[in-house]
Amino acid sequence: MRIFTWLLGLLAITASGATLQFNFGDYEYNSTPTNFWSLLAGGGPPPAWKIISAEAPSGFSTLAGSSPVLNHTKVLAQTSEDMTDERFLMFVYPGETFRDFKFSAKFKIVSGVTEQMAGLVFRFQNVSNFYVARVSAAGHNVRFYKVVDGIRSDPIGPQLDVPAGEWHKLGVQCEGTQITIFLDDKLAMPVLGDTTFTEGKVGFWTKSDSVTYFTEGMVDYTPRIPPAQQIVDAVMAKETRLVGLRIYTQDDASTNATHIIASNLKSEIGMAGGDSEIGAIRDGIISFGRAKHVNNVTMPLHDRNGEYIGAIRVKSESFFGETQDTAITRANIIRKMVEEYCTVGDELRK
């Protein structure tokens, strides 16, 4: 089955700036947030990420020169104390891929015999490919390094005193190929340049038996609109009688699973499709339904060779006396509009 690629002109469209906050206060004590990946690189047992209660700095600013206000609050903690040396523990947020961004979090290194470290993983691809900015209380340093195909580069960074048992703030900023690392809101080392990874996911990082707490994780970023969503937005803006428009793809050629990759309702993205969508993608079946003066037509999307590459569901206002054939004809016009943006390619750009 061939899949989507998209006209080059659409790829430059971006959205305005956005902020993502990791609010661990929404989770139950001793639970592990389910919207993160708990990952292990290297050896040893898996990490133990969970929500605990700890004294942490208040989110409100304090007067210059005064001590931060500490309140009991929920924080993310890595509590496993296995002493395997080459054991790298990560807690990665999979919900967004970031290109240009600033990612920061407050951390507290609590204990560790082999290591006493805290860090941020960013432009993460998988457990064998990522960047790290990390601090060591025992080593009195701040370091940056990258892992490429499982091979760790030589660390870069200065000697700095980062006492354990105290709260600090670590931040990384990526702008194109430039990487800036901050500690306690101050530049930790000269701006770095690296072209290995241009985008990726972000998360929290520790090593070996380091028991470390994190709170107030935040990402300021420029979200990129996926090409499929750009098409939906453009068609919805042009066709005012449309009530809704979704684009579906098949997850795997060996299964009947499909999901929404673009919709006029952003909350629907990622939701599973049903029999109508898989029937459209696999067999070119057109399905029709009507409810509350709205027509629902599901039909296949084709590439330039006529092969099925996805499905769309068109929701439009129905009018008095409209037949099923008329509704399908109107939906077919929308389908052709969407297909004008599609060319033959090897992978879907999400």
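I took buried to mean under 20% relative accessible area, exposed over 50%, and partly exposed in between, with a 1.4 Å probe and protein chains only. The model I examined is predicted: local features need pLDDT of at least 70, side-chain atom pairs count only at pLDDT 80 or more, and totals for chains, interfaces and linings use all residues. Residues are numbered from 1 along each chain as its sequence is written, and side-chain values use heavy atoms, with hydrogens and water left out.

**Entry 1. Salt bridges**

I began with the charged pairs. Side chains of opposite charge can pair when their charged atoms come close. I counted a salt bridge where a side-chain nitrogen of Lys or Arg lies within 4 Å of a carboxyl oxygen of Asp or Glu. The count by this rule is 13 salt bridges.

I looked up Lys146 and Asp194, whose side chains form a salt bridge at 2.8 Å, N to O. Lys146 is in strand β10 (residues 141-148) and Asp194 in the loop between β15 (192-193) and β16 (200-207), so this pair links distant parts of the chain, 48 residues apart.

Next I examined Glu216 and Lys106, which meet in a salt bridge at 3.4 Å, N to O. Glu216 belongs to strand β17 (residues 211-221) and Lys106 to strand β7; the two residues are 110 apart and link distant parts of the chain. Is Glu216 buried or partly exposed? At 32% relative accessibility, Glu216 counts as partly exposed, while Lys106, at 19%, counts as buried.

Asp100 lies in the loop between β6 (87-98) and β7 (101-111) and Arg123 in strand β8 (residues 117-126), so the pair ties together parts that are 23 residues apart in sequence. Asp100 is partly exposed at 34% relative accessibility, whereas Arg123 is buried with a relative accessible area of 0%.

I then turned to strand β9 (residues 129-136), where 8 of 8 residues are buried. Asn129, Tyr131, Ala133 and Val135 point one way from β9, and Phe130, Val132, Arg134 and Ser136 point the other way.

I treated two strands as paired if DSSP finds at least two bridges between them. Strands β8 and β9 run antiparallel and are joined by 7 bridges. Within this pairing, Phe122 has Tyr131 in β9 as its bridge partner. These strands form a hairpin with 2 residues between them.

Strands β9 and β10 also pair in the antiparallel sense, over 7 bridges. Val132 stands opposite Tyr145 in β10. The hairpin of β9 and β10 has 4 residues between the strands, and His140 in the turn has a positive phi of about 55°.

**Entry 2. Asp303**

Finally, I looked up Asp303, found in the loop between β21 (294-302) and β22 (308-317). Asp303 counts as buried because its relative accessibility is 6%. Which backbone atom does the side chain of Asp303 reach? I found that the Asp303 side chain reaches the backbone nitrogen of Asn305 at 2.8 Å.

Technical notes:
Polar contact = N/O pair within 3.5 Å; in protein donor to acceptor, adjacent residues only side chain to side chain.
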